[in-house]
Amino acid sequence: MYPPIEPHRTGMLPVDDLHTLYWEECGNPQGMPVLFLHGGPGSGLSPKHRQFFDPRHYRIVLFDQRGAGQSTPLGEVRHNTTPLLIQDIEQLRVLLGIEQWLVFGGSWGSTLALAYGQAHPERCTGFVLRGIFLCTPAEIDWFMHGMQWFFPEAHARFVEPIPAAERGDLLKAYAQRLFSDDPAENLQAARTWGRYEGSCLHLLPHPEVAEAFGSEAVGLGLGRLEAHYFLNQAFFTDDQLIRNVGRIQHLPAVIVQGRYDMVCPPRSAWRLHQAWPSATFQMIADAGHAALEPGIAAALVAATDRFRDTGTL
């Protein structure tokens, strides 16, 4: 990855009467535009996200999506839908005077990248996608229940606060707590949700990541927004992102997937590649889900360097 850098420009963009988005620009102000879309939904930005791109070449644009990171209000699910996030991206693009950009996203960021690209293919020069998540019922059920086959300890801690009678539908049980009128109950449920996800991200244990995901700053956005989007299946029609791949098939793309990704299992990446055979497909043999797994980070940087040098992926 490239060395750490600081933004040369930041701002707060009001997108409606409720939500205001934090955004930043790094790298070369006259460079090739690239848009970074963070995961979650709700996990927000990290300074490390700037480091996937050559700062001498790229004009790097990053922002916290509605309810995430430094955007306000944190964890807000009202007026928070995928179509509205797509509108936000367009509003930011117009604000910055950008005609087209490379779209880079992992996990939920890959979901939003595909949805945005399919809505506005004329604004995209290509896609760098990692840890594919299509927000189908099967993937949501895997997250809520299936990960216990590989992370039984983490799942047991996730389930523990929920009474036995409610454990058959964990999403419903958590939603009742995440969206109750009691802020303390909201926060406790969100932090437990965040620790669960943070415990399952890597091939090898990273307990410090689980703790960070369980913090108030990350957990509240992550838990509330993920539950909200899961309950609504990301506001998609059935298998929408696969059915609409034809709208972006003419654009270059790379799909980077960890072989042992337990949060977004490889079958979704494989389904996307089968629908989009011209996209480059890279299965990283020694990686889980996280973008900072060494093999995944190396593949992502190689992809942005390749696009820098050749204009293709």
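Here is a chat about the sheet, some helices and the aromatic rings of a predicted model.

Biologist: Hi! What order do the strands of the open sheet have?
Modeller: Hello! In this predicted model, the order is β1-β2-β4-β3-β5-β6-β7-β8, so you can trace eight strands with mixed pairing.

Biologist: Which strands stand at the edges?
Modeller: Those are β1 (9–14) and β8 (280–284). Each has a single partner strand, so one side of each has no neighbour in the sheet.

Biologist: And how many degrees does the twist average from one strand to the next?
Modeller: The average is 20°.

Biologist: Let's look at β5 and β6. In which sense do they pair, parallel or antiparallel?
Modeller: Parallel: β5 (residues 101–106) and β6 (residues 124–130) share six bridges. Within that pairing, F104 stands opposite V128 in β6.

Biologist: Which strands does helix α10 lie across?
Modeller: Helix α10, residues 266–275, lies across β6, β7 and β8. Its direction is at about 160° to β7, which covers 253–258.

Biologist: New topic: how many aromatic pairs does a search of the whole structure find?
Modeller: The search finds 19. One of them is F52 with F104, a tilted pair at 5.3 Å centre to centre, with 35° between the planes.

Biologist: Where do F52 and F104 sit in the chain?
Modeller: F52 is in the loop between β3 (32–37) and β4 (58–63), while F104 is in strand β5. They are 52 residues apart, and the pair links distant parts of the chain.

Biologist: Why does F52 count as buried?
Modeller: Buried means under 20% relative accessible area, and F52 counts as buried because its relative accessibility is 1%. F104 counts as buried too, because its value is 3%.

Biologist: What kind of pair do F143 and Y196 form?
Modeller: An edge-to-face one, with 5.5 Å centre to centre and 75° between the planes. F143 belongs to helix α3 (residues 137–144) and Y196 to helix α6 (residues 183–199), 53 residues apart. F143 and Y196 are both buried.

Biologist: Which residues form one aromatic cluster with F143 and Y196?
Modeller: F133, F158, Y174, W193 and F230 are in that cluster with them.

Biologist: Last one, helix α8: is it mostly covered or mostly uncovered?
Modeller: Mostly covered, as 13 of its 16 residues are buried. Helix α8 takes in residues 216–231 and reaches 22 Å from its first C-alpha to its last, close to the 22 Å expected.

Biologist: And which residue with a positive phi follows α8?
Modeller: That's Q233, with phi near 45°.

Definitions and conventions. Residues numbered from 1 in each chain as written. Predicted model: local features only at pLDDT ≥ 70, side-chain atom pairs only at ≥ 80, totals over all residues. Heavy atoms only, no water. Helix = DSSP H or I, 4+ residues; strand = E, 2+ residues; numbered from the N terminus. Expected span 1.5 Å × (residues − 1). Buried < 20%, exposed > 50% of the residue type's maximum accessible area, 1.4 Å probe, protein only. Pairing = 2+ DSSP bridges. Axes fitted to C-alpha atoms, helices over the stretch in contact; angles between N-to-C directions. Contact = heavy atoms within 4.5 Å. Phe/Tyr/Trp six-rings, centres within 6.5 Å; stacked < 30°, edge-to-face > 60°.
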